[in-house]
Amino acid sequence: MFDNLTAVITGSARGIGKATAIYFARQGCNVIVSDLESEKIEETILELRKHSKGLHSGKVCDVRLKEDIRSLSEYAFNTTGRLDIWINNAGVIQDDLLLRMNEEKWQEVFSVNLTGAFFGTQAAAKFMSKARKGRIINIGSVSGFYGNAGQANYSAAKAGLIALTKTSARELASRNITVNCIAAGFIDNEFAAKVPAEVRKSISETIPLKINRNPEEAVASAVGFLASDEADWITGAVLRVDGGMMIGF
């Protein structure tokens, strides 16, 4: 489906990002892995090469730094000769109750989850505009729809990501670039490890739909759909992939 196309995925050495990287590798895509740890990047690239012979490569990137993002986009284009799909996946959580949350926790979450996506969208759009085609997909959260206690920073940043998605979609549509957002539900992975086990269990029990595979793979499949030609008339959309967690919202 994606033979010889190039996909860049931020925060792709673990979690949803890694599952998405594997998905695209299996579909014949050249995958550019990016994260903060070079060792984790290399491990992921080796795994991707087990699934396909694409031009899989990687680069350390701190999405908080505009220069890092610019360098990542140039690296992807120079390595593979194109840039077709950009997935803003990198994210962090720094949970605390509103009255206890300090400015550092607030800024850190916004810098990674929202500003990083802004930088990524800008960088990707510059290459895609010249090609007159592209797919930008933001990995959001159901937390962007409702105010989750202890996550004023995270929920606000993810709500902002939805607004960024819609605005970018309007501005880039004339260049045949679609911009969409996945609102991922609760996934009990390394990312959620800071949440107490009893809380994770309680949240999991509120999800109506149970699946036999890792939910990260379900998110990756949804990303794949939005990146495909079948979704060429979908832009500015927010697709919930949450097992029904947000039914009624």
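**A first walk through the model**

A: To start with the span 5-185, its end C-alpha atoms lie 28 Å apart, and the span is 50% helix and 19% strand. Please keep in mind throughout that this is a predicted model.

Q: Which UniProt annotation covers residues 5-185?
A: According to the UniProt record, which is an unreviewed entry, residues 5-185 carry the annotation "domain: Ketoreductase".

Q: OK, strands next: is S5 mostly covered or uncovered?
A: Strand S5, made of residues 134-141, is mostly covered, with eight of its eight residues buried. Gly134, Ile136, Asn138 and Gly140 point one way from the strand, while Arg135, Ile137, Ile139 and Ser141 point the other way, and all of them are buried.

Q: And how many bridges join S4 to S5?
A: Four bridges join strand S4, residues 85-88, to S5, and the two strands run parallel.

Q: Switching topic, how many cavities of 30 Å³ or more does a search of the whole structure find?
A: The search finds one cavity of 30 Å³ or more, and the volume of this largest cavity is about 60 Å³.

Q: Which residues line the largest cavity?
A: The lining includes Ile139, together with Thr10, Val63, Asn88, Asn89, Ala90, Val112, Asn113, Gly116, Ala117, Lys158 and Leu161. Sorted by class, the lining has six nonpolar, five polar and one charged residues.

Q: Which helices each supply at least two residues of that lining?
A: Those are helix H4, residues 103-131, and helix H5, residues 152-172. H4 gives the most to the lining of the largest cavity, with four residues.

Q: Now the cysteines: how many disulfides does a search of the whole structure find?
A: The search of the whole structure finds zero disulfides. Cys29 is in no disulfide, and the nearest cysteine sulfur, which belongs to Cys61, is 18 Å away. Cys61 is likewise in no disulfide, its nearest cysteine sulfur being that of Cys29, 18 Å away.

Q: Why does Cys29 count as buried?
A: Cys29 counts as buried because its relative accessibility is 0%, and the cut-off for buried is under 20% relative accessible area.

How values were computed
Residues are numbered from 1 along each chain as its sequence is written. This is a predicted model: local features need pLDDT of at least 70, side-chain atom pairs count only at pLDDT 80 or more; totals for chains, interfaces and linings use all residues. Side-chain values use heavy atoms; hydrogens and water are left out. On a 1 Å grid over the protein atoms alone, a cavity is a set of points where a 1.4 Å probe fits but cannot get out, and a pocket is an open set with protein on both sides within 12 Å along at least five of seven lines; lining residues have an atom within 4 Å of a point. Grid points are joined across faces, edges and corners, and a volume is the space filled by probe spheres set on the points. Ala, Val, Leu, Ile, Met, Phe, Trp, Tyr, Cys and Pro count as nonpolar, Asp, Glu, Lys and Arg as charged, and the others, Gly among them, as polar. A disulfide is a pair of cysteine sulfur atoms within 2.5 Å. Buried means under 20% relative accessible area, exposed over 50%, partly exposed in between (1.4 Å probe, protein chains only). UniProt positions are given in the numbering used here, feature names are shortened, and annotations may be inferred rather than shown by experiment. Two strands pair if DSSP finds at least two bridges between them.
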